[in-house]
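Dear colleague,

I am passing on the structure below, and after it comes a summary of what was found. Please read the two side by side.

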Amino acid sequence: MTLRGSEMKNILIVAAAMAMVATTGAKAATVLFDFSLAPHQGNIGPTETYTVSGLTLVAAGFNQSNQATNLYGKHGGGDENGLGLAND
């Protein structure tokens, strides 16, 4: 089988594109945000910011009417640790 110049060029372009896809795969990492030890304790206001590995997450409290409500951080031991709502 003999390939013409344009066919060979198309094959090379497809091969190059496939090689680029194979070598530039997505890189993913697991980042764990641990709310079990809230950085602040007691009534901490409507938001609390967490930063892990350069990623920032803002936790915000809302009530059933979708109005902002204060968060509460607790380090009480057992299952009394973490972040929750102050009005709960």
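A residue to begin with is Tyr 50, which is buried, with a relative accessible area of 7%; here buried means under 20% relative accessible area, exposed over 50%, and partly exposed in between, with a 1.4 Å probe and protein chains only. Before going further, please keep in mind that this is a predicted model, in which local features need pLDDT of at least 70 and side-chain atom pairs count only at pLDDT 80 or more, while totals for chains, interfaces and linings use all residues. Residues are numbered from 1 along each chain as its sequence is written, and side-chain values use heavy atoms, with hydrogens and water left out.

Because Phe 35 lies in the loop between α1 (5-23) and β1 (42-45) while Tyr 50 lies in strand β2 (residues 47-52), the pair ties together parts that are 15 residues apart in sequence. Phe 35, at 32% relative accessibility, counts as partly exposed.

As for the fold, the secondary structure of the chain comes to 1 helix and 5 strands, where helices (H or I, at least four residues) and strands (E, at least two) are DSSP runs numbered from the N terminus. Along the sequence these elements follow the pattern α-β-β-β-β-β. Of the 88 residues of the chain, 15% count as buried, and the chain exposes about 6,900 Å², of which carbon and sulfur atoms supply 57%; accessible areas come from the Shrake-Rupley method with a 1.4 Å probe, and for residues only the protein chains shown count as cover. Among contacts (heavy atoms within 4.5 Å) between residues at least 6 apart in sequence, 36% join residues at least 24 apart.

Gly 45 is found in strand β1 and, at 14% relative accessibility, counts as buried. Not counting residues up to four places away in sequence, Gly 45 touches Thr 69, Asn 70 and Leu 71, and its C-alpha atom is separated by 7.6 Å from that of Tyr 72, 27 residues apart along the chain. Thr 69, in turn, is found in the loop between β3 (55-60) and β4 and is buried, with a relative accessible area of 11%. Leaving aside neighbours within four places in sequence, the contacts of Thr 69 include Gly 45, Pro 46, Phe 62 and Leu 85.

Gln 41 has its place in the loop between α1 and β1 and is exposed, with a relative accessible area of 52%. Beyond its neighbours within four places in sequence, Gln 41 is in contact with Gly 73 and His 75, and its C-alpha lies 8.9 Å from that of Gly 82, although Gln 41 and Gly 82 are 41 residues apart in sequence.

Two loop residues deserve a look at the backbone. Ser 53, in the loop between β2 and β3, has a phi near 50°, a positive value in a residue other than glycine, and at 67% relative accessibility Ser 53 counts as exposed. Asn 66, in the loop between β3 and β4, has a positive phi of about 65° although it is not a glycine, and Asn 66 is exposed, with a relative accessible area of 61%.

Finally, about 180 Å³ of space lies in the largest pocket. Its lining includes Tyr 72, Lys 74, Glu 80 and Asp 88, and the elements that give two or more residues to that lining are β4 (71-75) and β5 (81-85). The most comes from β5, with 5 residues. A pocket here is an open set of points on a 1 Å grid over the protein atoms alone, where a 1.4 Å probe fits, with protein on both sides within 12 Å along at least five of seven lines, and lining residues have an atom within 4 Å of a point.

With best wishes

Definitions and conventions: Points joined across faces, edges and corners; volume = space filled by probe spheres on them.
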